[in-house]
Protein chains: 2
Amino acid sequence: MSNNKTEYRGKKTINPDLIRERENCTFDPIQITYILDEDPKKTEERRKMEDWFLKDPRFQEVIPSEYLSHKEKYEEAVRKACLIFKKLEEMDAAFDSYSQVLGQLGSAVLKDGNPFTLHYVMFIPTILGQGTLQQQAHWVGRAWNKEIIGTYAQTELGHGTFIRGLETTAHYDEKKKEFVLNSPTLTSYKWWPGGLGQTANYAVVVAQLYTKNECHGIHPFIVQLRHEKTHKPMPGIKIGEIGTKLGMNSTNNGYLGFDHVRIPRENMLMKNSKVLEDGTYVKAPSSKLTYGTMMFVRVVLVKDAASMLGKAVTIATRYSAVRRQSELKPGEPEPQILDYRAQQFKLFPNIATVFCFRAAASWLWQMYNNVTAELEGGDLDRLPELHSIACCMKAVCTSDAAKGIETVRMACGGHGYMTCSNLPLLYGLCTAMCTYEGENTVLLLQTARYLVKQFQGARSGGKLTPTLEYIRTVENQGTTVRRWDQTMESILLGFKEVSVGKLKTAVENLEKRQNDGIPQEDAWNMSHLELTGCAEAHCRAFLVSKFYESVEKLNPSSEVKSVLRQLSELYALYWILEKLGDFLRFSSLESSQVGTIQKRLEDLLAQIRPNAVGIVDGFDYCDEVLNSALGSYDGRVYERLFEEASKSPLNKQQVNGSFSKYVKPLLKSKM
Amino acid sequence: MSNNKTEYRGKKTINPDLIRERENCTFDPIQITYILDEDPKKTEERRKMEDWFLKDPRFQEVIPSEYLSHKEKYEEAVRKACLIFKKLEEMDAAFDSYSQVLGQLGSAVLKDGNPFTLHYVMFIPTILGQGTLQQQAHWVGRAWNKEIIGTYAQTELGHGTFIRGLETTAHYDEKKKEFVLNSPTLTSYKWWPGGLGQTANYAVVVAQLYTKNECHGIHPFIVQLRHEKTHKPMPGIKIGEIGTKLGMNSTNNGYLGFDHVRIPRENMLMKNSKVLEDGTYVKAPSSKLTYGTMMFVRVVLVKDAASMLGKAVTIATRYSAVRRQSELKPGEPEPQILDYRAQQFKLFPNIATVFCFRAAASWLWQMYNNVTAELEGGDLDRLPELHSIACCMKAVCTSDAAKGIETVRMACGGHGYMTCSNLPLLYGLCTAMCTYEGENTVLLLQTARYLVKQFQGARSGGKLTPTLEYIRTVENQGTTVRRWDQTMESILLGFKEVSVGKLKTAVENLEKRQNDGIPQEDAWNMSHLELTGCAEAHCRAFLVSKFYESVEKLNPSSEVKSVLRQLSELYALYWILEKLGDFLRFSSLESSQVGTIQKRLEDLLAQIRPNAVGIVDGFDYCDEVLNSALGSYDGRVYERLFEEASKSPLNKQQVNGSFSKYVKPLLKSKM
C-alpha cells in the first residue's frame with residue numbers, strides 16, 4: 001500500500017466503516033486518479049492548485065449562501081467572483097489554469113454560479129472567433145485587462161434553440177454610419193444571458209441585420225450596456241435580472257431591451273460577414289465557420305456532465321458506506337446500505353457512467369481538434385459528422401447525468417434532500433444543461449436528420465462516414481443468424497444492431513408516410529419518436545464502444561484493469577436491460593438469454609461492491625469541491641449535518657420574532 | 001356550447017392561440033370537471049370556497065417569497081399560516097373544509113410548505129388514534145382550541161423508514177411516576193419533523209419504551225417542547241431547524257434532542273399499550289392496529305401526486321399552446337410547440353396519468369374504508385392485502401408523478417426552469433414524497449414480500465386475495481398460445497401476464513439461491529432487482545385496469561367518453577412500450593406487432609391533440625392554485641414572465657451596491 005492510501009490525505013478522525021472500506025479495496029485509488037488526470041504530474045499540479053486556491057480564507061462565508069436572500073446571494077457572488085479575479089492576477093496564469101480556476105475551482109467557491117463566467121467563456125471567445133484582428137486587439141485587450149465586463153446576449157424571451165427566429169433588429173443607418181438596435185416586441189427582449197442583470201457593462205448582442213431594408217439574418221454586435229464609471233444603464237437600454245430559478249441563482253441571468261440604441265458601424269463583429277460604410281453587405285465565405293464554438297461548448301458540457309455526476313456519486317457512495325439501516329438478519333447489526341443490492345444498482349451504473357462519459361468526451365475532444373485543424377485548411381468534410389455526434393452526445397450525456405444525480409440523491413434518502421448534501425445544487429446545475437446550448441430533443445432530431453441522410457445515401461451506394469461505418473457491417477450480416485454470447489464483442493455488436501434496427505424502422509416509417517402522400521415535413525414530425533429513438537440508440541452504441549476501447553487501451557495494474565472491465569461491462573449490461581425491448585427486437589439476443597444477463601449484472605454489482613469507495617476516492621474530489629455534509633472524505637456524516645444546521649440564522653435566536661407577532665395573539669392560552 | 005366555455009370564467013384578454021384551442025375542443029371542459037369532482041354541486045362549492053379563500057387580500061405578498069432569505073421565508077410563512085387559522089375560524093368549518101383549506105387552498109397560499117401542517121395532519125390524528133378517551137379529551141381539546149401547537153417527532157438523524165431502529169429512549173421511573181426521555185447518541189436526535197424547528201410547543205415523540213430495564217419497542221409520548229407563554233425551549237430540550245432543502249423551505253423542519261427530560265406517566269398515549277403506575281407493561285392486543293393511519297397517509301399521497309402532476313401538466317400544456325417555435329415548413333409561421341409529436345409524447349401520457357392515479361386512488365380509498373370498517377369489527381384479514389397494494393401504489397405513483405413533473409417542466413424549455421413557472425416548486429414537493437412516509441424502494445420490497453408469499457401459498461393450493469386472483473387466471477392459460485390483438489382486454493391481460501411472469505422469475509431466482517445454500521435473507525437481498533421489478537409490474541397492471549374500469553363505468557357525453565378512452569388506451573400503450581422487454585418476454589405480444597402499437601400510440605397523440613387544452617382546462621385549477629407565469633388561464637405568458645421579473649428586489653435599484661464595493665476597485669478604467 002502506498003502512503004497515499006494509508007495516510008488519508010492528512011485527515012485524522014475517519015469513520016470506521018470508511019476505514020475498513022479503504023483497507024479492503026484491492027488497489028490504491030491514486031491509480032484511478034492518475035488514469036483520469038492522464039499523468040501523475042498533472043495530479044500533483046491540480047492538487048497544489050486546489051490547495052492554494054480553495055484554502056484562501058477570503059473565500060470563507062459568514063453565512064452559507066443558501067440562507068441569504070436572492071439579492072444578498074448576488075452580492076456575495078460578486079464579492080467572491082471579484083476575489084477569483086484577484087487570485088487569477090496573483091498567479092502565473094496560463095490559459096489552462098484560467099479554465100481550471102473558472103471551472104472546477106470557481107464552482108467550488110461559487111457553488112450556485114458565477115455572474116462573471118460569460119465574460120471569459122462567451123464574450124472574449126466570441127470576439128476572438130468573429131471579430132477582425134483590429135476588433136480583437138481593441139475589445140479583447142479591454143476585456144482581458146478588466147476595463148470592461150462583458151456577456152453574450154443571444155436568447156430572447158420568445159426564442160431559444162431556434163436562433164433564426166430571433167427578433168432583435170440592427171438597422172444600418174448609412175448617413176450616420178451607425179447601427180440602430182431595437183426590440184420591436186416584448187418577445188424580442190433578450191432573456192437568460194448570465195451576468196446581464198446587474199453585472200456586465202458590455203455585451204455581444206445577436207440581432208437580425210438589416211441594410212438597405214434587406215434582412216441578412218443574425219449577426220453579432222458589441223453594445224455598451226452601462227456607463228463604465230457610474231454603471232448606470234445607457235440611454236435606450238432596458239435591463240434587469242429575470243428572477244429566481246430552480247438553480248444557478250448566483251449567475252445573475254438578465255433581460256435586455258433596446259429602444260433605438262445607436263452603436264458605431266465598427267461594433268459589428270466582421271471577421272466573417274461585413275457591412276461596408278455605404279451599407280453594402282458582404283457575405284461570409286461559409287456559414288459553417290461559426291459552428292466551431294458551438295461544438296466546443298458541447299464537448300465541454302459532456303465533460304461537465306461527467307464531473308457533476310462524479311461528484312454526486314462520490315457523495316452517495318461514501319454516505320452509503322457510513323449509513324447503516326434496517327435489518328438483514330435478525331439480531332445482527334444494521335448493515336451498511338451499500339450492501340443492499342437495490343442500492344448498488346442505483347450507485348454503481350452511475351459510477352460506470354462517469355468513466356464512460358470521460359472516455360467518450362476524450363475521443364470527441366480529439367475529433368474536435370482534428371476537424372478544427374482541417375477547417376483551418378479549408379476542409380469542411382467532417383464537420384457534419386462531428387456535429388451529428390456532438391449533438392447526440394450532449395443530449396444523452398446531460399440527460400443521463402441529470403437523471404443519475406437524482407437517482408443517487410434519492411438513494412441517500414431524506415438527507416439527500418438537504419441543501420448541505422450539495423446534491424440538490426448539483427441537480428439544479430445539471431438539469432439546466434439539458435435545455436441550454438441546444439435543447440436535448442432538438443439536438444437528437446438534428447443527429448437523426450444526419451443518420452437518415454447517411455442511411456439513405458448508403459442504400460444508393462454512397463460512402464458512410466467513419467462513425468457510421470457500422471451500419472454496413474450490421475447490414476452485411478444480412479440474414480445470417482449469429483449466436484449472442486456474453487463476450488464484449490457480442491455485446492458491442494448488439495448495440496450496433498439495435499442502432500441500425502431503429503434507424504431502419506425510422507426510415508421505413510418516414511418513407512411510408514411520404515409515399516402515402518404526406519408532405520415531407522409533416523412525415524418528419526409524425527416520426528419524431530422513432531427519430532429521437534434512433535439518435536439515442538446511435539449514441540449509446542457509440543458510448544458503450546468508446547468506453548470499452550478506452551479500457552482496453554489502458555495498462556494499469558491488473559487489479560485496476562479488472563475493476564475498469566467490470567465497470568465497462570456493467571455499463572453495457574445495464575443499458576441492455578434498460579432497452580431490453582429494442583434488443584429483443586433488433587439484436588440477436590433471445591428472450592431465453594435475458595436471465596443470464598440479469599444474473600451477470602447482479603454478479604458484477606457484487607464484484608464492484610468491495611471497491612466502490614476506493615473507486616470514488618480515485619475521482620479525487622477534495623472536500624471543498626464536493627461541498628457536502630454527506631460526502632466528505634472522513635465520513636463524519638451526522639456531525640456535519642448537525643454543524644451545517646447550526647449555521648442557520650433561525651437557530652441563532654431562542655425564540656423567533658414571529659412568535660410574539662403572529663402566533664401569540666392566536667394562541668388561546670389558559671395560563 | 002355552455003356559457004361556462006365561452007365566457008372564459010370572466011377573463012378578458014386571452015391569448016388568441018388559447019382562444020382557438022378552446023373553440024376547437026370537442027366538448028365542454030366542465031364535463032371533465034364534474035367527473036373529477038364527482039358532482040356538479042361539489043364543483044360549485046369548491047369554486048365558491050376558492051374565491052372566498054384565495055381572493056383574501058391579506059394573503060398578498062409584498063415580495064414574492066422566492067426572493068426572501070430563509071429566515072424571512074419562515075416568518076412570512078408563519079404570518080400566512082396564522083391567517084389560514086383565522087380564515088378557518090371565520091368559516092363554518094366542517095372537517096371536509098378543513099382538509100380542503102389545509103390541502104389545495106393552503107398550498108396555494110403557502111406554496112413551499114406550511115409550518116403548522118403537522119398540527120392538524122399528524123399531531124391531532126395521532127392522539128385520536130392512539131390516545132385514551134381521557135387523553136383525547138384533554139389534548140385534542142387543547143390542540144383544537146389552539147392553546148398549543150403540536151408536531152409529530154418520529155424520524156431521527158440516523159433512522160427513517162426503519163422505525164424499529166429508533167434510538168430515543170423513554171425510561172419509566174416508578175418512584176416519580178414519570179418517563180425520562182433521553183437522546184443517547186447524536187444519531188438519536190429527532191430530525192425532519194415539520195414545524196419542529198421554531199414553531200410547535202408540543203410534540204408526539206416516538207421513543208423506545210423501557211420499564212424495569214426491559215425494552216418494549218417504540219411508543220408515542222406527548223412532550224412539551226417550549227414554554228407556552230415565552231416560547232422558550234423547556235429545560236433539557238435541544239431544538240432548532242435543520243436548514244435549507246431542495247424544496248419545502250417554509251415547513252420549518254426541525255431537530256430535537258432530550259437531556260433526561262421528565263414527563264408525567266399520563267403523557268404516554270395509552271389507547272393500545274399501557275404502562276401501569278408500578279411500571280407493569282401491558283401490551284396492545286394487536287400490533288397491526290397502528291397500521292391504519294399509515295395506510296390513510298399513503299392513499300392521501302397518491303391523491304397528492306395526481307394533483308401535483310395535474311397542475312404541472314396544465315401549466316405545460318397551456319404554455320405549449322402559446323409557445324411558437326422553429327419552422328416546420330419553410331415560409332410558414334412558427335408552429336405551436338404543442339403540434340410537435342415529440343412534445344405531445346412528453347405531455348399527453350402525463351395528462352392520462354392524472355386520470356389514472358385519481359381512478360386508482362378512489363378505488364384504494366374505498367378499499368381502505370372497507371378494511372377499516374372490518375378492523376373495527378376485529379377482522380384483520382384484508383389488512384395485509386391493503387398494505388401490499390398501498391405500498392406499491394405510493395411508491396409507483398409518487399415516483400411517476402415526480403418524473404412526470406420534470407418531463408413536462410423540461411418540455412417548457414428554459415422558462416420551465418424559472419421559479420415563477422411554479423414547476424420547480426412542484427417538483428420539490430413531489431420528489432420529497434418519494435422518500436417520506438416509507439422510502440419507495442423499501443415499500444416496493446414490502447409489496448414483493450406479500451406477492452412472493454401469496455404466490456408460494458397459491459402454488460401449494462392456498463387461496464389468493466382478490467387483487468391477486470389474476471395470478472391464477474394467467475397461470476391457468478398455461479401453454480395455450482393466445483393471439484395478442486389491439487383490444488383493451490388483450491392489453492389488460494398482457495399487463496397481468498407481465499406481472500405474473502416477473503413474479504415467477506423472481507420467485508424462481510429466490511428459491512434457486514436458497515436451494516444453492518444461500519441463507520434466506522441473503523438470497524432475498526441478492527434478488528432485490530427482480531423483487532422490486534415484480535412489485536412495480538403488479539402495480540402497473542393494477543393501475544391500467546383500474547383506469548380502464550373507471551372509464552367504462554362512467555356515462556358522460558360521447559365526446560368525453562371517447563377522450564377518456566383515448567387517454568386510457570394511451571396510458572396502457574405508453575407503458576407497454578416503456579416496458580417492452582417485459583412484454584416481449586412474458587406476454588403474448590410478438591416482436592412483429594410492436595410497430596402496430598407504436599403507430600397506434602402516435603395516432604392517439606394526434607387524436608388527443610385538439611382537445612389537450614380543453615382537457616387540462618377541465619382539471620379546473622384556478623390561477624391562484626397554479627401560481628404560474630406559464631400556465632395561467634389567459635395564456636399571457638411573456639407578459640407575466642416580465643411582470644414576475646420586475647418584482648425582483650435586484651431590479652428596484654439602477655445600480656447594485658456591489659458595483660462600487662467590489663467591481664469598481666477591480667476595473668481598470670481608462671476613462
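Here are some questions and answers about the structure shown.

User: What kind of model is this, and what pLDDT do local features need?

Analyst: This is a predicted model, where side-chain atom pairs count only at pLDDT 80 or more, totals for chains, interfaces and linings use all residues, and local features need pLDDT of at least 70. Residues are numbered from 1 along each chain as its sequence is written, chains are lettered from A and ligands numbered from 1 in the order in which they are written, and side-chain values use heavy atoms, with hydrogens and water left out.

User: How many helices and strands are there in chain A?

Analyst: Helices (H or I, at least four residues) and strands (E, at least two) are DSSP runs, numbered from the N terminus. On that basis chain A has 24 helices and 11 strands.

User: What is the radius of gyration of chain A?

Analyst: The radius is taken over C-alpha atoms, and the globule rule is 2.2 Å times the number of residues to the power 0.38. For 671 residues that rule gives 26 Å, and chain A comes close to it, so chain A is as compact as a globular protein of that length. Its C-alpha trace spans about 90 × 85 × 60 Å along the principal axes. The radius of gyration of chain A is 27 Å.

User: What share of the residues in chain A is buried?

Analyst: Buried means under 20% relative accessible area, exposed over 50%, and partly exposed in between (1.4 Å probe, protein chains only). Of the 671 residues in chain A, the buried share is 62%.

User: Among contacts in chain A between residues at least 6 apart in sequence, what share joins residues at least 24 apart?

Analyst: A contact here means heavy atoms within 4.5 Å. Counting contacts in chain A between residues at least 6 apart in sequence, the share that joins residues at least 24 apart is 72%.

User: What rotation superposes chain A on chain B, and which kind of axis is that?

Analyst: Copies are superposed by least squares on the C-alpha atoms of residues with pLDDT of at least 70 in both. Chain A goes onto chain B with an RMSD of 0.0 Å, by a rotation of 180° with 0.0 Å of shift along its axis. That is the relation of a two-fold axis.

User: And what percentage of the contact residues of chain A recurs in chain B?

Analyst: The same surface serves both copies. The percentage of chain A contact residues that recur in chain B is 99%.

User: How many aromatic pairs are there, and which residues form the one that crosses between chains from A:Trp192?

Analyst: Rings of Phe, Tyr and Trp (its six-membered ring) pair if their centres lie within 6.5 Å; planes under 30 degrees apart count as stacked, over 60 as edge-to-face and the rest as tilted. The structure holds 51 such pairs over all chains. One of them is tilted, at 6.3 Å centre to centre and 50° between the planes, and joins A:Trp192 to B:Tyr417. It runs from the loop between strands S4 (190-191) and S5 (202-211) of chain A to the loop between helices H11 (383-410) and H12 (423-433) of chain B, so to speak from A:Trp192 to B:Tyr417.

User: Why does the pair of B:Trp484 and B:Phe583 count as edge-to-face, and how far apart in sequence are the parts tied together?

Analyst: The ring centres of B:Trp484 and B:Phe583 are 6.3 Å apart and their planes stand at 90°, so the pair is edge-to-face. B:Trp484 is buried at 3% relative accessible area, and B:Phe583 is buried at 1%. B:Trp484 lies in the loop between helices H14 (470-477) and H15 (488-515) of chain B and B:Phe583 in helix H19 (residues 580-586), so the parts tied together are 99 residues apart in sequence.

User: Which ring has the charged end of B:Arg449 over it?

Analyst: A charge sits over a ring if NZ of Lys or CZ of Arg is within 6 Å of the ring centre and within 35 degrees of the ring normal. For B:Arg449 the distance to the centre is 4.2 Å, and the ring is that of B:Trp524.

User: How far apart in space are A:Ala108 and A:Val625?

Analyst: A:Ala108 is in helix H6 (residues 95-109) of chain A and is buried at 14% relative accessibility. A:Ala108 touches A:Leu54, A:Glu624 and A:Val625, leaving aside residues up to four places away in sequence. A:Ala108 and A:Val625 are 517 residues apart in sequence, yet C-alpha to C-alpha they are 4.8 Å apart.
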